Amino acid sequence: NNSYIVATTNYPEDLAWNIIDRPGRFKVICEVPNPVEKTRRKYFEYMKVDNVDECVKITDGLSLDYIINITQDSIFEKKSVADVVKEYKTRRDKVSKRFKKPMGLG
């Protein structure tokens with residue numbers, strides 16, 4: 001019937017092996033790594049943010065989704081990327097104890 005099911009997870013290591021290794025369960029397994037320095041630099045240059053070098057440095061290890069949201073918040077709120085990252089980290093620190101695993105932002 002031309003249907004596909006897509007499954008995603010941020011924690012593949014937590015999946016039971018029999019879920020991953022069952023024939024026909026997952027035809028393609030694809031990892032989407034965090035963007036490397038060169039990619040982050042091009043993104044920030046494209047978005048015309050100030051202090052590209054600092055932005056590249058402080059977003060090391062973050063997912064593209066985090067970087068996009070940080071950049072959008074920076075533009076919409078007229079704040080530096082560095083200030084937005086600090087706000088994200090502060091918010092994360094306040095709520096991280098409530099979750100099984102800490103959320104992004106190193």
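Helices here (H or I, at least four residues) are DSSP runs, numbered from the N terminus. Axes are lines fitted to C-alpha atoms over the stretch in contact, and angles run from 0 to 180 degrees between N-to-C directions. This is a predicted model, where local features need pLDDT of at least 70, side-chain atom pairs count only at pLDDT 80 or more, and totals for chains, interfaces and linings use all residues. Residues are numbered from 1 along each chain as its sequence is written, and side-chain values use heavy atoms, leaving out hydrogens and water.

Find helix H4 (residues 64-77) and helix H5 (residues 81-95): they pack at an angle of about 115 degrees, and their axes are 9 Å apart. From H4, the contact (heavy atoms within 4.5 Å) is made by Tyr-66, Asn-69, Ile-70, Asp-73, Ser-74 and Glu-77, while H5 brings Val-81, Val-84, Val-85, Glu-87 and Tyr-88.

Now zoom in on Ser-74, which lies in helix H4. Ser-74 counts as buried because its relative accessibility is 9%, and buried means under 20% relative accessible area with a 1.4 Å probe and protein chains only, exposed over 50%, and partly exposed in between. Leaving aside residues up to four places away in sequence, Ser-74 touches Lys-79, Ser-80, Val-81 and Val-84.

What about the cysteines? Cys-30 has a relative accessible area of 62%, so Cys-30 is exposed. Cys-55, with a relative accessible area of 2%, is buried. A disulfide is a covalent bond between the sulfur atoms of two cysteines. Searching the whole structure for disulfides (pairs of cysteine sulfur atoms within 2.5 Å) turns up 0.

Terms used
Helices (H or I, at least four residues) and strands (E, at least two) are DSSP runs, numbered from the N terminus.
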